[in-house]
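Subject: Structure handover

Hello,

Here is the structure I promised to pass on. Please open it alongside this message. My notes follow below.

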2 protein chains.
Amino acid sequence: MTVEFTYTNGGVTAPKGFKAAGVKARIKYDKKDLGVIFSIEPAAAAGVFTTNRVKAAPVSLSMSNLIDGTAQAIVVNSGCANACTGDNGMNDARKMAAVTAQEMGIDATGVLVASTGVIGQELPMERIITGIREAAGQLSDNGGHDVALAIMTTDTVPKEAAVQVEMGGTVVTVGGVAKGSGMIHPNMATMLSFVTTDINIEPEMLKKALSYAVDRSFNLLTVDGDTSTNDSLIVMANGLAGNDRITQENENFLVFCEALTEVCITLAKMIAKDGEGATKLVEIAVRKAPSRQDARKVAMAVANSNLVKTAIFGEDANWGRIICAVGYSGVEIDPEKVDIYLGDEKMAENGAGLKFSEEKAKEILSQDTVAITIDLNIGEAEATAWTCDFSYDYVKINADYRT
Amino acid sequence: MTVEFTYTNGGVTAPKGFKAAGVKARIKYDKKDLGVIFSIEPAAAAGVFTTNRVKAAPVSLSMSNLIDGTAQAIVVNSGCANACTGDNGMNDARKMAAVTAQEMGIDATGVLVASTGVIGQELPMERIITGIREAAGQLSDNGGHDVALAIMTTDTVPKEAAVQVEMGGTVVTVGGVAKGSGMIHPNMATMLSFVTTDINIEPEMLKKALSYAVDRSFNLLTVDGDTSTNDSLIVMANGLAGNDRITQENENFLVFCEALTEVCITLAKMIAKDGEGATKLVEIAVRKAPSRQDARKVAMAVANSNLVKTAIFGEDANWGRIICAVGYSGVEIDPEKVDIYLGDEKMAENGAGLKFSEEKAKEILSQDTVAITIDLNIGEAEATAWTCDFSYDYVKINADYRT
């Protein structure tokens, strides 16, 4: 279905009834590193979390607090992941929720917690608590941007998006914020992202919509193939738009799914483009696959190939590495049917190379966004994945991150 | 079982009855780039090849020529992979076998072919044929080293190994050569490697021994997670040692398995240490796993983590990235039971960090070989994987490989 979106500003504070703040708690650096997002009314809430067996304490706590499908606040810090911190870590995450709840005058189970940063170090709780209190005092209708700043780690730009859609005369807004950069890989929420919306929707339907959106956005995103201990995507819907409550898969539900997906794709592409050391956004479209699942697998195999990513950084039209990744994707492709395009330029047909203009290829590869299209020619399904190129700076950033 | 090995020189020409040569065919560069290995008697032969759906022409041809379990010669070139080259590629591979057979006075089905280099370009057949004829004229009892030189691509050092074992008074020799560097990843032969031995063994038993050795060596090796279109490991056994022919899993068979494994592990470690841009060999031992398969999975997840590998390059004791990779390995580990050691230094216990000496950790990380040990504490099985660190130079080498 085609849905018309109006882009708007404000990120997570774009929808009605959401306030936010981001402050400097000085957890690791002298930057904004602690944020609070608050809905003035209790909200339906859903989340998708890392599939890593090693889950950070805040992930376990948030999963547990989401069982009832409702929440009213999110508290988040950067600079320390509170992962692999044992019982102390869980106590600290609980304390973050409790202090936030106290400040907001709500129950602690209504608070979701997220952390990002170095694994295996404990939170500096005194500074965290001071930070939460400060943030609570600064909550504002246009604080979304400060949260975007507070959750950045090696991100070089804050990541926010918001869209509005109409449902039978009612305007519904969806806003989101994300942080990405390294350790981005799917089969989970993929990174930290918080989405707010004023739509009126049942928790079960919100969960379904989130699953639809993630499958088409964050789960098709990879920066370095590492799946973090802390990845969390949370959505809160407070109902203040005033639409008829969505309780089934009607047209309004489908419109909402598209709006939510649009925000998630926008954030996912921002994350890919701002991958650690990235100089380019790479879009990999796989077409004519036997199933959407197969198309995804192929797209992600290419997106995860270090050899493809370094070639794109080097602006080298090495389509052989692309077909090689297609070949080991695990999908039963027919190598002799594969066509590969770089931008509009066809590089390979039926699995063998074509003569192509090196000059044209170089021009395509020198753009900010590089589009690779792979036609498997064994079906009708398609999927698009996003990644970035792989540069010296990825190594530089990650060679000495902890210290 | 404990087997005593005597290391010896000569690589693939160390065993009796093998001759080899490596020449400059000038396929891509002015270096030795074409090699021939020849057994003076027909040999039992077995191979393990890439699992990539996109298989280079020489791989398909060699697989087909190995069906009868015998071979007498190997012809190999670097500089061009002869992959994704369609029917022309298969004709060229056949031509390589035919010319070699003609020179050696044997049947073309007795020749195995291997190529490595850029994907999607056709072989310069005139130069190849001249090279094969030249090599055939130079075959010698100590030509193993020249083959090691001829198969190098981005390798910085030639890779050879040979060991001798005694079987009831008879000395049996196993020699091998390999090239690795980039695009090294298991579930297949992993790279190019040719192993020769003068043991007298039935083809079926040779196949079993190879499978045993690969499972403990090349399939536990990764450089960059990419599985090539050309990976081939071939072993030839010509029987000239004069031992009683091995037809069953007796003690001599087990001794041979260990000798073959020793050569393969030695070559695999050389490949890891010489991975593209590598500054260190990284050995990842996983212990106390529920099964060997699980231990392998965990070891390979850590070995494939770009974040672990960049941290080791940066000599940063970031054990959090190690446990993170353990967590997403797909094995049902218990995060709260995992212990992690860097060298002898225990970094984490029961999934949580310990206070450790940064100085000591830095010292361990500054060595040429870095040992990581992971105790899952949920079983008795173990496995060791090998990789290298991930440096600026990996990116540099791969950003502009094709042109």
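In what order do the six strands of the open sheet in chain B run? The order is E13-E12-E11-E14-E10-E15, and the pairing is mixed. Strands E13 (352-353) and E15 (381-388) of chain B stand at the edges. Each has a single partner strand, so one side of each has no neighbour in the sheet. Bear in mind that this is a predicted model.

Now the E10 and E15 pair. Strand E10 of chain B covers residues 281-289. Seven bridges join E10 to E15(B), and the two run antiparallel. Within this pair, B:Ile284 stands opposite B:Ala385 of E15(B).

Two helices lie across strands of this chain. Helix H6 of chain B (residues 251-273) lies across E10 and E15 of chain B. H6 runs at about 45° to E15(B). Helix H10 of chain B (residues 358-365) lies across E11 (339-342), E12 (345-349) and E14 (369-375) of chain B. H10 runs at about 115° to E12(B).

One residue elsewhere in chain B is worth a look. B:Val36 sits in strand E3 (residues 34-49) of chain B. Is B:Val36 buried or exposed? B:Val36 is buried, because 30 other C-beta atoms lie within 10 Å, and the cut-off for buried is 20 or more. Leaving out residues up to four places away in sequence, its contacts include B:Ala20, B:Ala73, B:Thr100, B:Ile132 and B:Leu139. B:Val113 is 77 residues from B:Val36 along the chain, yet their C-alpha atoms are separated by 9.5 Å.

Best wishes

Note on methods:
Residues are numbered from 1 along each chain as its sequence is written. Chains are lettered from A and ligands numbered from 1 in the order in which they are written. This is a predicted model: local features need pLDDT of at least 70, side-chain atom pairs count only at pLDDT 80 or more; totals for chains, interfaces and linings use all residues. Helices (H or I, at least four residues) and strands (E, at least two) are DSSP runs, numbered from the N terminus. A residue is buried if 20 or more other C-beta atoms lie within 10 Å of its own, exposed if 12 or fewer, and partly exposed in between; C-beta atoms are placed from the backbone. Two residues are in contact if their C-beta atoms, placed from the backbone, lie within 7 Å. Two strands pair if DSSP finds at least two bridges between them. Axes are lines fitted to C-alpha atoms, for helices over the stretch in contact, and angles run from 0 to 180 degrees between N-to-C directions.
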